[in-house]
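Me: I would like to learn how to read a structure like this one, feature by feature, with the cut-offs stated as we go.

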Amino acid sequence: MARSAERGLACGRGRSEEFRAGHRRAIRAAVSWLHAEALQMNDPRVRQFFDSAAFGLGVAARLASEREGEEG
């Protein structure tokens, strides 16, 4: 994933812990939603697409978090 996409998922060191916790919950909710949508699809390729998007979002968020020095 490109660094610019990772930067868009980073919430910044200057943010409060409450903000950062909300940010993490929002990312998790988006990943869960993508997986849930994948389960609704009949076409295996579309399911794979949604699952891949969820995985990519999770990886990008994790990389951005690690670059920022956050845990989780």
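Reply: What follows takes up the fold, the core and the surface in turn. This is a predicted model, in which local features need pLDDT of at least 70 and side-chain atom pairs count only at pLDDT 80 or more, while totals for chains, interfaces and linings use all residues. Residues are numbered from 1 along each chain as its sequence is written, and side-chain values use heavy atoms, with hydrogens and water left out.

Me: How many helices and strands are there in the chain?

Reply: Helices (H or I, at least four residues) and strands (E, at least two) are DSSP runs, numbered from the N terminus. Here the chain has three helices and zero strands.

Me: Which residues form the largest nonpolar core?

Reply: In soluble globular proteins, nonpolar side chains tend to be buried together. A nonpolar core is a set of buried Ala, Val, Leu, Ile, Met, Phe, Trp, Tyr and Cys residues joined through side-chain atoms within 4.5 Å, where buried means under 20% relative accessible area, exposed over 50%, and partly exposed in between (1.4 Å probe, protein chains only). In this case the largest such core consists of Val31, Leu34, Ala38, Phe50, Ala54 and Leu57, and the elements giving two or more residues to it are α2 (17–40) and α3 (44–68).

Me: Is Ala30 buried, partly exposed or exposed?

Reply: Ala30, which lies in helix α2, has a relative accessible area of 28% and is therefore partly exposed.

Me: And what of Phe55, buried or exposed?

Reply: Phe55, in helix α3, counts as exposed because its relative accessibility is 60%.
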